[in-house]
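The report below is written for someone meeting this structure for the first time.

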Amino acid sequence: MTSATILHDLEQRVQRFIATAYSSEGPAEPFDTLLADALRAQQELNPVYQRLCARMGGWPYVHTDVFKYHPVTCFPVTADTPYFQTSGTTTEVRGRKYYRADTLYAASALTHFVQRFAPGDTPCFSLFPPLPHSSLAYMIALFMDSARESGYLYRLGNTYDMAAIARMGAIARQRPVILFATRRGLYDFMTTFGSCPLNEDSWVIDTGGDKGMVNPPPPDIFEHRVHECFGPVRRAGEYGMTELFSQCYAEMDGDGQYRWSPPPWCRVDILDPSTLTPCPPGQPGLIAFTDLANVETAIKVLTSDIGELCGDGTFLLYGRPSTVTDRGCSLLC
Amino acid sequence: MLRERDLELQGVQRHTAAKPGPELLTFLHNLQRDRDELVDMIVAATGYSVAQVARILDTFLAETASGPVPAAPEQVWSRVLVVLAGNTFVLPLQVLCRCADLPGNLALTLKPASDQATLVAAYAARFPRPVQLVADVPDYNTYDRVVVYGSDATIRALSARVEPARFVPRGHRFAIGVVDVSDGRSRLLQEETLIAAIADDVTLFRQSGCLSLNSLFIGSTKPGGSNEGKEHKPSASSISAAPAPKRSEGWAEQFCARLSEAIAARAEALPFEDQVFACQRRQTALADEQTQVFEHVILTEEPRYLLSRGNLLTVYPFADPERILATLGPLAERVQGIALAPWPETVPAWIARTSASYVCPFGRLQFPPLSWAEDNEPWSAVIGKHVVFSHQGPTPHIATRGA
């Protein structure tokens, strides 16, 4: 079999897995069988993964930072290969995730979203603008495309679309809507408009992203502001990243805490940063993903995000340590 | 052989020959007297081991007692606030030492980080002058000078609250080391003392400060490299050969392996955040075709994380000093200290193209003298008023009209 055939065959199998994951019969094949075949293929077809396997042994995780310096793919990358790019400052090296087609991304994102929120024909709005090469923008666009009514409330160029906001307000007085926003976008909107009541069955889904907020409010204050602005809506969080084709979702529990859960085709482990061995529930460590939807790139991805397993299949997310350029400096050392 | 004093004369360092005054000696005596108590307090505040703290504190006290101190300005500002935001445990000591024996009625106020408040209070209690400690500052502009040691984020935040004329920011910096193997100096690499000194510069403060060694450059500063070196394959090109040779071949790999062992032997358990960064760097290096990763040392040709921490040293080869500057790129403006081996006979010209304010042999990076002009700004300029007193004499004849 050629490399293209191997990859195509695996993509088909992952596609079937995703399509059947939530069915009453369960997925088309066992997760571990598909994982083993996919890892063997990645070791053969992905030069970066090949090096990591040779140097570390076993089936290592690929750190998200590796995506900044190497094309992590099982296929040749050309100037025309589409990619998603991580956000960052202008001086920062950005990570790129190359892909050949968005089929698996769309299958993974939409299947999980529909399973969690059963949107039906619920109108979908976004405070996140349609930025190029942004996986978040792409995901929201997928959801908006699948909705009967949708609209961007925030335009490229830093202006609100007042007509779209008015339209959302008019719809949301009658029936539920889904509103996507980064936490920063949500905060700016709430500060600007103060009040924008939505139907109480509406979802306000934040996609993380405190970055750029000078003084991010504590979570309880933030939630209070959300309900002050939008009324007693339902709240959820989305946790994804450029390097992954799958997302995690969480609904806020009674303590105002998010307990995240991945879809069935993606597993989460928490690893000790020094040894990279799995941490038991309750012990904080690095969040690591085994995402079958990443079959074209790297299935096993290690992040710098800190989290903790809860023991019930969910995990807590504590965020990322402050960056090296943010750390303090001393006179003597 | 170039002495550090010569560097001063050539404008690279600005030491002064002043000796510790009575207040400083009293302060050092008090610290020495209560050394064991202070070690316990520092261990409690930082999580460092007793041995590590004792080693650092003893060295600091000895070096400060014998080293040059900053030149005292004729007048100092009356109200000086020093913000100590997330620094190492020696920084407050350094600040207090520099404020000893100053003329005038300096009212010194320290704003320590919350986790160091008790420790800084203990230091201040042993200082011969009264020092005010504050947890909050309602109005920064009531001080004549506001010196801020902290992260770039802290500097940014406070710059909005302090008038520029009063503000003395001390943001993020880092240190590099350069080992020159040209002219047969490759034998240096066999010296255990050099390896030990580099390992100390890496580990003493867990790579968490602006003079901690994060990046090491090994190569030749002379065109053509070393004759002796060629026998032992020490030229930069052998390091940069890709794919890299097996570990058993070539001194560079052996050197890195020995350095890694030395760092491991000195390294203490790192805080969680530092472990995360070390993991990040190691994983990135492992994925690179050009690099070799030892336990604590990455041998690489490409720049990766010059501003990082976690007891992981990045080693870069270089064929001439231009390569060092090219690797540093814009970060050359963030270099605070440079360690050199062997100690040169003349000041390397390329150093003037970095922002380095402290150049020293390996092993001394962590203990600059009090007279160190941090960020190229002498302490006397930070805290001193610059008033020119006119000499007494006849009033000059002032022309009634121009020529």
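What follows describes chain folds, domains, helix packing and some individual residues.

This is a predicted model, in which local features need pLDDT of at least 70 and side-chain atom pairs count only at pLDDT 80 or more, while totals for chains, interfaces and linings use all residues. Residues are numbered from 1 along each chain as its sequence is written, and chains are lettered from A and ligands numbered from 1 in the order in which they are written.

## Chain B as a whole

Chain B contains 14 helices and 14 strands, where helices (H or I, at least four residues) and strands (E, at least two) are DSSP runs numbered from the N terminus. Of the 403 residues in chain B, 50% are buried; a residue is called buried if 20 or more other C-beta atoms lie within 10 Å of its own, exposed if 12 or fewer do, and partly exposed in between, with C-beta atoms placed from the backbone.

## Domains

Domain bounds come from an automatic or database domain assignment. For chain A this assignment gives domain 1 (3-77) and domain 2 (103-260 + 303-324), and the centres of domain 1 and domain 2 of chain A, taken over C-alpha atoms, are separated by 29 Å. Seven residues from domain 1 of chain A and ten residues from domain 2 of chain A take part in the contact. On the side of domain 1 of chain A that touches domain 2 of chain A, helix α1 (residues 3-20) of chain A gives the most, with four residues. The residues on that side of domain 1 of chain A divide into four nonpolar, two polar and one charged, in a scheme where Ala, Val, Leu, Ile, Met, Phe, Trp, Tyr, Cys and Pro count as nonpolar, Asp, Glu, Lys and Arg as charged, and the others, Gly among them, as polar.

Chain B is likewise divided, into domain 1 (12-172 + 376-384) and domain 2 (174-354). Here seven residues of domain 1 of chain B are in contact with nine residues of domain 2 of chain B, and the side of domain 1 of chain B that touches domain 2 of chain B has three nonpolar, four polar and no charged residues.

## Two helix pairs

The table gives the packing of one helix pair from each chain, with axes taken as lines fitted to C-alpha atoms over the stretch in contact and angles running from 0 to 180 degrees between N-to-C directions.

| Helix pair | Angle | Axis separation |
|---|---|---|
| α3 (residues 35-46) and α6 (residues 117-125) of chain B | about 160° | 9 Å |
| α1 and α5 (residues 103-117) of chain A | about 10° | 10 Å |

The angle in chain B makes α3(B) roughly antiparallel to α6(B), whereas α1(A) and α5(A) are therefore roughly parallel to each other; angles under 35 degrees count as roughly parallel, over 145 as roughly antiparallel, 65 to 115 as roughly perpendicular and the rest as oblique.

In chain B, B:Leu38, B:Met41, B:Ile42 and B:Ala45 of α3(B) meet B:Thr118, B:Leu119 and B:Ala122 of α6(B), and by class this contact has six nonpolar, one polar and no charged residues. In chain A, α1(A) contributes A:Glu11, A:Val14, A:Gln15 and A:Ile18, while α5(A) contributes A:Thr103, A:Leu104, A:Ala107, A:Ser108 and A:Thr111; that contact has four nonpolar, four polar and one charged residues.

## Individual residues in chain B

Most residues other than glycine have a negative phi, and most peptide bonds are trans. B:Arg206 has a positive phi, near 55°, and B:Gln207 has a positive phi of about 55° although it is not a glycine. B:Arg206 is found in the loop between α8 (192-203) and β8 (213-219) of chain B, and B:Gln207 lies in the loop between α8 and β8 of chain B. B:Arg206 counts as buried because it has 23 C-beta neighbours inside 10 Å, and B:Gln207 is buried with 26 other C-beta atoms within 10 Å.

A cis peptide bond, with omega about -10°, joins B:Ala341 and B:Pro342; B:Pro342 is placed in the loop between β12 (335-341) and β13 (358-361) of chain B.

B:Lys19, in the loop between α1 (4-9) and α2 (22-33) of chain B, counts as exposed because it has 12 C-beta neighbours inside 10 Å.

How values were computed
Two residues are in contact if their C-beta atoms, placed from the backbone, lie within 7 Å.
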